[in-house]
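Let's work through a few exercises together. Have a look at the model first, then try each task before you read its solution.

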Amino acid sequence: MTSLIRNPLTIVWALLTTVTIASSWIALEGGASHRINTTVTTAVLLIAAVKAHLVIRHFMEVRHAPVWLKATTSGWVLALFALLLGFYFASL
Amino acid sequence: MAEAPKALTASAEQTTSRPKNRKLDQWIAFWTVPFFFNVFGLVFVPLSWMMPPRSPSSPTRHIVDFMHSHNLLVACVILTLAYGLAPVSNACYLMQVKRMSVSPAFRYSMMIGAITGAIVGMLFPMFCFGLGAFRAGYSPSVLTMLYDFGYLAFIGSLGCFCVMWMAFGLAIILDENKILPKWLGYYTIWQYVTELMAAPVWIAKSGPFAWNGLMTFWFAMTLYVSWQFIVYLCIYGAIKSQPEAELDNAPLEPHPAALETTSRTTA
Amino acid sequence: MTDVAEGSATGVDQSQRAAGARGHVPGESSMWFFVIGDFLIFGVYFVGYMYFRGQNHELFLSSQARLNLDIGAINTVVLLTSSLFVALGTAAARAGNTADALRRFWTALAFGAAFPLLKMFEWIPEISAGLTPGTNLFFMYYYVMTGIHLCHVLLGLVIMCFVIRNLKAPGTPKISFVETGATYWHMVDVLWLVLFALLYLMR
């Protein structure tokens, strides 16, 4: 049981769950008024990017994958969130 | 192509005549596909401007003009004549699916899916636009209904094609004979997804989810058309590399003595 | 097609390190083709959503207020937990601990099955309240994106059942198949992480 808790995967999961709760809290508190809020948006999107990257690297084992797979997946995360933030800020 | 009955007698004469192209049937079916799609493309786009789809929220005046247009009439005539090639192009795919190690249920699902899909997705629109083009005198509200019917049938007919693409995709993924590459199977699953993506056309009359929308038409078409090209190239490879002995119309193994006697008496 | 790492019997972590030694592509590469492609397809939806949102912030903001953020957050944790057990199960299978692997995959399946259930608790009240795909563009994007994602989840649950079946069968399980199924499931998780931020959290 303890080996399970100390397993790197479980530690990653604990981190993911914590930031999920944190970003939910940010949206609930900071975004309660349901008005445009660049701080909340930037924070939750960056957190989502980090979460996605963690799942890909650790759960999907891309950390141990050949370079081309690492580059493609990281490239997707980077490009996607760059575009998302880009379109968001461009529209304000 | 009824080459099989002649096979037994012909094989004895084959030493002097040209070798039979036993894949002729498949190649003919194969080449109908670009012919068919090009005719379709010409008819739908520059001829009648039916495609890209017109707006679902067009004013009645525009709809009536479109339905009575001369070009639409010509397009419908060509469509009525060329429609019969649809089954032939599907036959091309099915002949290769038959070689796969998966259950026949897959190719039967594909077949029925293609049949029902062609009826709903091609015949119905043809009738709707044909009625507008060939029959004068319908009221504007009837023409508007036919216009909606035609476009919705063409783009919103998901169910039949969902079954077809899912069956085709799964067949490729599960096939152990490696007739078509596995990644193509996954690409075909996206064909299925494009059908799901098109579902909102029933609801939205404007914007990115209407039948002429960015998400439901343009994006779905990018996936759909690219798949058509790619599957076509893969089928070409599959037909080319199919061993002759495996063909359905390959000659049966003749008993040497029996064949000699038969060919001499019946030839 | 892929290198199947031979894990030692002593601990899950060692098999993970062993997997790393050779630049290992988990599962079949054709599944990775699907994963990357699906990432790109959903990517177009995500960016499209952000673009159209930019044209009507008010509409999107007021519509977002009607969503059930609590269930959204719970579902996020549910999927993350399910993914954890899939990853742990995969590592156990690779290390040869089929019994452990089976237990973990059953757990993963249980958490995974909770997702569509919770989703119904989310959608049914919303639809009853008159919030349908036809309500406005935000809700169209919401139902279409979460709907296509839900289809992916259901397919993933079916795949997981086949993985469990493979693990239960006598003899050594096909590790490549387990990894392939796991890869699909994690993809479904990643897509939800983005959806959660875009639909429920951002302002």
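Helices (H or I, at least four residues) and strands (E, at least two) are DSSP runs, numbered from the N terminus. This is a predicted model, in which local features need pLDDT of at least 70 and side-chain atom pairs count only at pLDDT 80 or more, while totals for chains, interfaces and linings use all residues. Residues are numbered from 1 along each chain as its sequence is written, and chains are lettered from A and ligands numbered from 1 in the order in which they are written.

**Exercise 1. Describe the fold pattern of chain C, then that of chain A.**

Start with a count: chain C has seven helices and zero strands. Next, read along the sequence, and the pattern of chain C comes out as α-α-α-α-α-α-α. Now do likewise for chain A, where you find four helices and zero strands. Its pattern is α-α-α-α.

**Exercise 2. Work out how chain A compares with a compact globule.**

Take the radius of gyration over C-alpha atoms; the globule rule is 2.2 Å times the number of residues to the power 0.38. For 92 residues, a compact globule would come out near 12 Å, but chain A has 16 Å. Then check the box along the principal axes: the C-alpha atoms of chain A fill roughly 45 × 35 × 10 Å.

**Exercise 3. Find the share of buried residues in each chain.**

First, the cut-offs: a residue is buried if 20 or more other C-beta atoms, placed from the backbone, lie within 10 Å of its own, exposed if 12 or fewer, and partly exposed in between. In chain A, 39% of the 92 residues count as buried. In chain C, buried residues make up 50% of the 203 residues.

**Exercise 4. Decide which chains touch, and describe the side of chain C that meets chain A.**

Two residues are in contact if their C-beta atoms, placed from the backbone, lie within 7 Å. Two pairs of chains are in contact, and chains A and C share the most contacts. Chains A and B do not touch, with their nearest C-alpha atoms 16 Å apart.

Now zoom in on chains A and C: the contact takes 44 residues from each of them. On chain C, the helices that each supply at least two residues include helix 1 (12-20) and helix 7 (175-201). Helix 4 of chain C gives the largest share, ten residues. Finally, sort this side of chain C by class: 27 residues are nonpolar, 14 polar and three charged. Here Ala, Val, Leu, Ile, Met, Phe, Trp, Tyr, Cys and Pro count as nonpolar, Asp, Glu, Lys and Arg as charged, and the others, Gly among them, as polar.
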